[in-house]
Amino acid sequence: MALTLCGLATATPQGLPQELQPLWDSMTLEEKVGQMIMVYMSPPDFVIENNLGGILVMGAHLSTRNQLQKNLKNIASRAKIPLLVTIDQEGGHVNRIRSLDRKWEKAPGAKEMREMAPEKIERTAREIGATLKKTGINLNLAPAIDPPSDINGRETFMELHGRSWGGIENIERARAFVKGMKASGIISAAKHFPGYDSETNSDLQMAESDATEDKIRENVAPFKALAPDAPVIMMSSVRYTKISDAPAVFEPKIVKMAHDIDDDIVVLTDDLWGTNLRAWISGPEAPLPNPYPASEFKKVVKAALDAGNDMFMTTYPTKAVDMKNTLLELARQSDDYLVRIEKSVARILKMKFRAGLLTSH
């Protein structure tokens with residue numbers, strides 16, 4: 001079925017469930033582009049006005065749970081399309097829910113859970129998932145199925161901090177975690193694709209890996225094994241120098257590896273406002289501009305789109321508007337970009353539908 005949208009000819013993406021056809025036909029280009037953006041929890045009016053597809057909840061929001069739930073209820077009552085309400089709840093060092101219930105002050109992390117029997121992992125994840133669901137969350141940025149050691153045999157950053165599930169040999173335990181989350185209505189996002197093969201924290205500086213392509217594909221194996229249960233993959237910001245000079249999230253060859261696992265997988269960026277990513281775009285030899293020009297952030301967004309990512313994250317809420325405007329501009333100037341954007345939107349809608357967030361429209 002073809003229709004005209006904002007003056008542009010467009011067609012229904014292949015594989016869109018029939019139940020979603022009326023919703024798709026009703027969506028403006030602005031609404032479609034909004035689905036591709038995930039932003040740090042923001043005021044309800046801002047989320048609704050920009051038709052955002054997801055929000056990121058952090059520990060600070062959970063410390064005032066009543067206000068968070070009030071805001072989420074406000075958004076849910078007004079949003080045309082239900083949001084992905086997202087948290088990064090791995091346990092251990094990344095334990096956002098400690099303020100919700102004293103029971104979770106020491107929620108176990110991956111390294112601790114991978115020593116448990118799968119049945120206990122699933123039960124623990126189901127209980128944590130129920131806590132998240134009760135709060136209004138539906139997507140967890142976990143598990144971190146990163147390798148425990150890098151190409152040189154040294155412990156990776158994720159292993160050093162107890163965040164790695166330990167590679168393919170522990171995939172059944174990681175799957176138990178995902179199954180427990182799913183049983184409580186929580187979607188899981190496997191990360192950090194294609195496997196965090198570095199000792200450096202990429203949130204703070206450029207992390208590099210000299211893993212060979214064979215080693216990288218070995219690290220991808222857990223993502224393939226978990227794909228039927230985790231419909232979202234979150235990208236790494238590490239530079240895999242044997243493949244590209246670009247961070248993985250900006251490298252089309254690496255993002256394609258994620259889509260090759262399953263064409264319906266939603267590929268999510270890490271925080272595009274991250275210092276390391278903006279510095280890479282602006283040039284590693286130059287100091288990071290302050291304030292950071294909108295023209296430079298536009299390059300960040302375009303690089304993420306060109307690489308093939310489906311959903312773009314930012315922890316700087318006002319930059320979500322820059323993201324939206326950049327994506328709209330690209331869609332309007334090029335049929336190729338329009339088709340590319342609509343394919344990502346279709347992936348996101350299908351994922352939400354299959355997770356039970358969307359009813360037929």
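Visitor: Which residue in β5 does G54 stand opposite?
Guide: In this predicted model, G54 stands opposite L84 of β5.

Visitor: In which sense do β4 and β5 pair, and over how many bridges?
Guide: Strand β4, residues 54-57, pairs with β5 in the parallel sense, over 4 bridges.

Visitor: And how many bridges join β5 to β6?
Guide: There are 2 bridges between β5 and β6 (residues 139-140), and these strands run parallel. I87 of β5 stands opposite N140 in β6.

Visitor: Are the residues on the faces of β5 buried or exposed?
Guide: Buried, on both faces. L84 and T86 cover one side of the strand, which spans residues 84-87, and V85 and I87 are on the other.

Visitor: Switching to T135. Where is that?
Guide: T135 is in helix α7, which covers residues 118-135.

Visitor: Why does T135 count as buried?
Guide: Because its relative accessibility is 2%, and the cut-off for buried is under 20%.

Visitor: What is T135 in contact with, leaving aside its neighbours within four places in sequence?
Guide: T135 is in contact with L62, R65, L68, Q69, L72 and L100.

Visitor: How do the lining residues divide into nonpolar, polar and charged?
Guide: For the largest pocket, 10 are nonpolar, 9 are polar and 7 are charged.

Visitor: And the second largest pocket, how many residues line that one?
Guide: The second largest pocket has 16 lining residues, and about 360 Å³ of space lies in it. Nearest its centre are K182, D229, P231, R354 and A355.

Visitor: Which elements each supply at least two residues there?
Guide: Helices α9 (171-183) and α15 (335-354) do, along with β7.

Visitor: What classes does the lining of the second largest pocket have?
Guide: That lining has 9 nonpolar, 2 polar and 5 charged residues.

Conventions:
Residues are numbered from 1 along each chain as its sequence is written. This is a predicted model: local features need pLDDT of at least 70, side-chain atom pairs count only at pLDDT 80 or more; totals for chains, interfaces and linings use all residues. Side-chain values use heavy atoms; hydrogens and water are left out. Ala, Val, Leu, Ile, Met, Phe, Trp, Tyr, Cys and Pro count as nonpolar, Asp, Glu, Lys and Arg as charged, and the others, Gly among them, as polar. On a 1 Å grid over the protein atoms alone, a cavity is a set of points where a 1.4 Å probe fits but cannot get out, and a pocket is an open set with protein on both sides within 12 Å along at least five of seven lines; lining residues have an atom within 4 Å of a point. Grid points are joined across faces, edges and corners, and a volume is the space filled by probe spheres set on the points. Buried means under 20% relative accessible area, exposed over 50%, partly exposed in between (1.4 Å probe, protein chains only). Contact means heavy atoms within 4.5 Å. Two strands pair if DSSP finds at least two bridges between them.
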